[in-house]
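Q: I would like to learn how to read features of a fold from coordinates. Could we take them one at a time, with the general idea placed ahead of the case?

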Amino acid sequence: MSSDMSDIDPDEALQREMDAEYSHHAPPDEAIDMASDTAPTPHDLMMRFPEISQLSNAERAELAYEILRKLPLQDVHRVNKMLTRLLHFDFIPVLPVEVVYQIFSFLDYKDVARAARVSRSWYRLATAPSLWRTLYFKQHWNVNEVRVREFENWARTVDSTLPLSAADGPGRNVPPPFHVGHIWKPANGSGRLSLNWVYLFRQHLTLDSNWARGYCDRTMIEALVPVEPADMPEGLQGEANDRAHGIYCLQFDDDMIVTGSRDCKVRVWSMKDHRCTRVMSGHTGSVLCLQVDVATGIIITGSSDTTIMTWDMAAGRALQCYRGHTEPVLNLRFNNDYVLSASKDRTIRIWSRQEGTREAHTCVRVLRGHHAAVNGVQLDGNIIISAGGDHTIRMWHFSTGECFKVIYGHDRGIACIYYDGTYITTGSSDLMIRVFDAKTGKMVRQYEGHSDLVRTVQKDHRKIVSGSYDSSIKIWNLDSQFPATPRWPRSVDFIRPEAPRVYNRHGSLYDANGLDPREDPAAGIAMRQSAVAHASREACVNLGRHQSRVFKLQFDETRIISCSQDSQIMIWDFSRGIDKTFF
């Protein structure tokens, strides 16, 4: 549509078209105006009868209907075509592209996909990468930002007019781990290459469907099996017959898993081959909690020996030891300047990490108020949230140490807590998982299904994942935004397959019967899980069980990793059939 046409009012354009249609088809009526050389237009007729303009809209509609009833069917059909053009006015060519994107961004992704089928112009706009990037993050999905930046830096250096494939192989000039499917190329061949956000969106939809139905591969790292010194990584031969005897805590990223265990040690495991790459000793009691700062390579741990220790992960040595609690340290969190610790001694302590100050590595504040062990603590800016065996959730000002809100959340002690900035999620020995609005303190959700104490929880916008002393791990669906087909159950029971991958603590691979896969090709095949579909969108997926109590779990976009009293680390990977390059 030209720029001149974009300034014409649609009603005026339609009126001109109707006048033209009338003057072309209507026969001359001598009784109307004998002096006129041409037939009057509908606009002239309206001027002859000013009473029409004084009628209400309902009365005009009734009059129009009565007039249409008197017309032949072919004329009614002609009027209907004109009305259809009025009612279905295409605003896309008239509005600026930025406004169209803004309108589309408020639609559900399914409606945007339908809009792409309207016409070619709609397709070009409804499949634009910038629009689908907005829709992607509207789903509260995460992305590997480092990998996205790598792709964008590469795309800036590529001439978009050159082909992305060659005769000797598709995608020859696309560097790994990227491939042609990741690339969006402008239809006219000009402009810069972009990341194909439609492709990423589809991949994440499939990933969400896997989570909703419990479709995953399970890998087990066996931390209890002793290995001969000759099979140990270099430098760890002295740990050959060492055993974890129960893993209490963990944290992971794409490269490693860090665990703390009953044998007083901190271990680092390779995510790639599941070998134990480092063992750190220093505590004299069980390592009950930990947090890792991946950027600086710092690990901070809390122990049943009442101390908190800071570790240099690269060097494998202890840096600092904080002393002050009188009973085991049950949970901790830290930021750049402070460490926050919760203890069985009913207190929360704040420790300074600021080097070069008089308060460095000392306790700067003690928070008192809980009447039983403080089992969990979370830190968000100036807000501290704690939960204890006294059935309460307490919220504190970090800067003053003042407790400004107490929520009586459970009938028995609260064992774990997770805070996402808006909602507080808790697990308790009353077998319940509850979600509270942090602002009002009101309970907004409750989930029941575990048969023993709920020891660990984590939440995002779509799900809660919980682990319990009943040895099970469950996924609780928070909404109905997962793909509707196939449908999933209220309770999906794990169908036990043949055998999971089982790795000992040094990376050697065994199956459940102790067979070496190098000798038996059938051994070590990943566990496949399936779901039994029933009929509810309020889903609880029962992933399966450890052999003993589940102490800790963590999840990211594609997997859950859990640890247990059975000294096993379980990896539940939901990326089956998914391109997870950017996840």
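Q: In which sense, parallel or antiparallel, do S12 and strand S13 (residues 338-343) pair, and over how many bridges?

A: Bear in mind that this is a predicted model. Strands count as paired if DSSP finds at least two bridges between them; here S12 and S13 pair in the antiparallel sense, over five bridges. A hairpin of three residues joins S12 to S13, and valine 329 has serine 343 of S13 standing opposite.

Q: How is burial read on a helix, and which residues of helix H6 (residues 97-105) are buried?

A: An α-helix has 3.6 residues a turn, so residues three or four places apart point the same way. In H6 the buried residues are Val100, Phe104 and Ser105. These cover an arc of only 135° around the axis, which puts them on the same side of H6.

Q: Which residues form a nonpolar patch on the surface?

A: The patch is formed by Phe89, Val94, Leu95, Val99 and Ile103, which together have about 340 Å² of accessible area. Phenylalanine 89 lies in the loop between helix H5 (73-87) and H6, and with a relative accessible area of 41% this residue is partly exposed.

Q: Is glycine 401 buried or exposed, and with which residues is glycine 401 in contact, leaving aside its neighbours within four places in sequence?

A: Although glycine 401 is placed in the loop between strand S18 (392-397) and strand S19 (403-408), the residue is buried, with a relative accessible area of 18%. Leaving aside neighbours within four places in sequence, glycine 401 is in contact with Arg365, Leu367 and Trp396. The C-alpha atoms of glycine 401 and arginine 368 are separated by 8.8 Å, while the two residues are 33 residues apart along the chain.

Q: What do the totals for the protein say about helices, strands and buried residues?

A: The protein has eleven helices and 34 strands, and buried residues make up 48% of its 583 residues. Of the contacts between residues at least 6 apart in sequence, 52% join residues at least 24 apart. The accessible surface comes to about 29,700 Å², and 50% of that surface belongs to carbon and sulfur atoms.

Notes:
Residues are numbered from 1 along each chain as its sequence is written. This is a predicted model: local features need pLDDT of at least 70, side-chain atom pairs count only at pLDDT 80 or more; totals for chains, interfaces and linings use all residues. Side-chain values use heavy atoms; hydrogens and water are left out. Buried means under 20% relative accessible area, exposed over 50%, partly exposed in between (1.4 Å probe, protein chains only). Helices (H or I, at least four residues) and strands (E, at least two) are DSSP runs, numbered from the N terminus. The arc is that of the directions from the helix axis to the C-beta atoms. Patches are made of residues with over 30% relative accessible area and no salt bridge: like charges are joined within 9 Å, nonpolar side chains (Val, Leu, Ile, Met, Phe, Trp, Tyr) within 5 Å. Accessible areas come from the Shrake-Rupley method with a 1.4 Å probe; for residues, only the protein chains shown count as cover. A salt bridge is a side-chain nitrogen of Lys or Arg within 4 Å of a carboxyl oxygen of Asp or Glu. Contact means heavy atoms within 4.5 Å.
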